[in-house]
Amino acid sequence: MTETLNVKPEFKKKSIRSYVIRGGRITVGQKNAFDSYWGQYGVSLFDGLLDTETAFARPAPVVLEIGFGMGDSLFAMAESEADKNFIGIEVHPPGVGCLINNAGKAGLTNLKVYMADAIDVLDDCIADGSLDRFQLYFPDPWHKKKHNKRRIVQPAFVEKIKTKLKVGGLIHMATDWNPYAEHMMEVLTLVEGIKNLAGDYQYSPRPDFRPVTKFEKRGERLGHGVWDLMFEKTA
Ligand SMILES: C[S@@+](CC[C@H](N)C(=O)[O-])C[C@H]1O[C@@H](n2cnc3c(N)ncnc32)[C@H](O)[C@@H]1O
C-alpha cells in the first residue's frame, strides 16, 4: 500500500540539478521507517558542519556515498565494513526510507543519512580533508546531449570531492553508460592532485568492497557493460 507523505528532500535553490524530484508516494513500511529510525540515522542539511566523531560516537575512517538509490549496496557495505563510518546522501525519500529501515532492523550504528542535495551537503556539512573514501555508483546518466550539463560529475564537482578527501583518500565511481564512463575518465584525469589507480585512462576491476547495486543488476539484464573508476588523492 502507498500513501502520500510529507517527507521532502532538503536542497537550496540552484539553476541546474542532477536529479528530478519524484512524487511523494511512499509505502506504509517506509513511513514507519521514518517514524522509527529517522531520529537515529537522519541528519539535516541545516544542522551545519558534521562532527563525525561526535555523530558516530567514535573516531573511524569515513566513507561518503552520493545517490545511494534504494540503499541496498550501501547497507551491505556498512554491515560488512563495520570498522568504518558511512554517510549516505540521497534525495529520493522512498530510498532513504528503505535504507534506514534495513539499518534500523539490523541495528547498524555506523551509518548517517542526509535526505538532501549532495552538493549542498558537501558545501555546508562535510569538513575539508575529512573523508577516507568517496563513492558514486550509477549516477543518472542524462543521456541526451542537451541534458549532459545535469550530470553530477563535472570538474567543479570533482574539485569539491578532492577538497573533502584526506590525502591518500579514494574516489570510486561506477557507471553502466559508456559515454558517461568516458566523461568521468576525462574529468577525473584532468583534475590535478588525484591519480588513476589503474593507470592513465584505464578502468579498474570492481573492487571486492563494492556489491553489485540494484541499478547495476537492471543494467546487466539489459546487457549493459560496467565501468569502475578509482582515483587516489595524492596532494
Ligand atoms: C540511477 S540512480 C542509482 C542508485 C544507486 N546508486 C544504484 O546503483 O542502484 C541515481 C540516484 O542518485 C540520486 N541523486 C542524483 N543527484 C543527486 C544529488 N545531487 N544529491 C543526492 N542524490 C542525488 C537520485 O535520486 C537517484 O536515486
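Analyst: Start with pairing: two strands pair if DSSP finds at least two bridges between them. Helices (H or I, at least four residues) and strands (E, at least two) are DSSP runs, numbered from the N terminus. The model is predicted: local features need pLDDT of at least 70, side-chain atom pairs count only at pLDDT 80 or more, and totals for chains, interfaces and linings use all residues. Residues are numbered from 1 along each chain as its sequence is written.

User: What makes S4 and S7 partners?

Analyst: Four bridges join S4 (residues 62–66) to S7 (residues 131–137), and the two run parallel. Pairing takes at least two bridges, so S4 and S7 qualify. Val-63 has Arg-133 in S7 as its bridge partner.

User: Why are S3 and S9 called edges?

Analyst: The open sheet of eight strands runs S3-S6-S5-S4-S7-S8-S10-S9, with mixed pairing. S3 and S9 each have a single partner strand, so one side of each lacks a neighbour in the sheet.

User: How do you know which residues of H7 are buried?

Analyst: Buried means 20 or more other C-beta atoms within 10 Å of the residue's own; exposed means 12 or fewer, partly exposed in between, with C-beta atoms placed from the backbone. Tyr-180, Ala-181, Met-184, Met-185 and Leu-188 are buried in H7. Seen down the axis, they fall within an arc of 140° (directions from the helix axis to the C-beta atoms), so they line one face of H7. On the other side, Pro-179, Glu-186 and Leu-190 are exposed.
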